[in-house]
Amino acid sequence: MKKNAQPEPGFSQLLREKLPGKRLGKNCLSAFLSGGLLCAGAEFFEILLAAYSGLNEESRSSLVLLCVIGLVALFTGLGWYDKLGQQLGAGLAVPISGFANSVAAAMLEHRSEGLVLGCGCNSFKLAGAVIVFGISSAFFVSLLSLLFPAL
């Protein structure tokens, strides 16, 4: 190697040159607005149910969650959720919709293996980690609040 020769650029340098710059402010605003719109839409639906259905609060909340889960699963199956996610960002991944998307996407990916072994067994691969870490973190936070009630 020559004394003054430049080393060839590494992969990470090439990657930095080719990738577009981060638009952190735009991405944060987009996530905030899209997540807010999703939650506001669910709240509006619950208000409509309260006015016209006669259901109690717990039943209304359950029905709203079921509708959000069903719509997200439908949008995932139609391929719309991914397109919306690319446009709107992380705001669509509020816990209930992100969970529904991960389950529906895993089921679609493995549907060729059959209903039980494909869809059923693989639907909670990603979501299982969310469940395990969610329950674990809830346990530790509850334990801390029990040990230190002033927190």
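Guide: Begin with the term helix: helices are DSSP runs of H or I with at least four residues, numbered from the N terminus. By that numbering, S102 sits in helix α5, residues 95-109. Keep in mind that this is a predicted model.

Visitor: How many helices and strands does the protein chain have?

Guide: The protein chain has seven helices and zero strands. Read from the N terminus, the order of elements is α-α-α-α-α-α-α. The radius of gyration of the protein chain is 22 Å, well over the 15 Å that the globule rule gives for 151 residues, so the chain is more spread out than a compact globule. Along the principal axes, the C-alpha atoms occupy a box of roughly 80 × 50 × 35 Å.

Visitor: What share of the 151 residues is buried?

Guide: A residue is called buried under 20% relative accessible area and exposed over 50%, with partly exposed in between. In the protein chain, buried residues account for 19% of the 151. The accessible surface is about 11700 Å², and 69% of that belongs to carbon and sulfur atoms.

Visitor: Is S102 buried or exposed?

Guide: S102 has a relative accessible area of 13%, so it counts as buried. A polar atom of the S102 side chain lies 2.8 Å from the backbone oxygen of F99.

Visitor: Which backbone oxygen does the side chain of T76 reach?

Guide: The side chain of T76 reaches the backbone oxygen of V72, at 2.8 Å. T76 belongs to helix α3, residues 57-78, and is buried because its relative accessibility is 8%. Leaving out residues up to four places away in sequence, T76 touches Y81, N101, A104, A105 and L108.

Visitor: Where is S136 found, and what lies 2.8 Å from a polar atom of its side chain?

Guide: S136 is in helix α7, residues 125-147. The backbone oxygen of V132 lies 2.8 Å from a polar atom of the S136 side chain. With a relative accessible area of 28%, S136 is partly exposed.

Visitor: Which residues is M107 in contact with, leaving aside its neighbours within four places in sequence?

Guide: M107 is in contact with C119 and S123. Its place is in helix α5, and at 33% relative accessible area M107 is partly exposed.

Visitor: And K125: buried or exposed?

Guide: K125 has a relative accessible area of 57%, so it is exposed. K125 lies in helix α7.

Visitor: How many positive and negative side chains are there, and how far apart do the centres of the two sets lie?

Guide: For such a count, Lys and Arg are positive, Asp and Glu negative. The protein chain has 11 positive and 9 negative side chains, and the centres of the two sets are 18 Å apart.

Definitions and conventions:
Residues numbered from 1 in each chain as written. Predicted model: local features only at pLDDT ≥ 70, side-chain atom pairs only at ≥ 80, totals over all residues. Heavy atoms only, no water. Helix = DSSP H or I, 4+ residues; strand = E, 2+ residues; numbered from the N terminus. Rg over C-alpha atoms; globule rule 2.2 N^0.38 Å. Buried < 20%, exposed > 50% of the residue type's maximum accessible area, 1.4 Å probe, protein only. Areas by Shrake-Rupley, 256 points an atom, 1.4 Å probe, with all protein chains shown as cover. Charge placed at Lys NZ, Arg CZ, Asp CG, Glu CD. Polar contact = N/O pair within 3.5 Å; in protein donor to acceptor, adjacent residues only side chain to side chain. Contact = heavy atoms within 4.5 Å.
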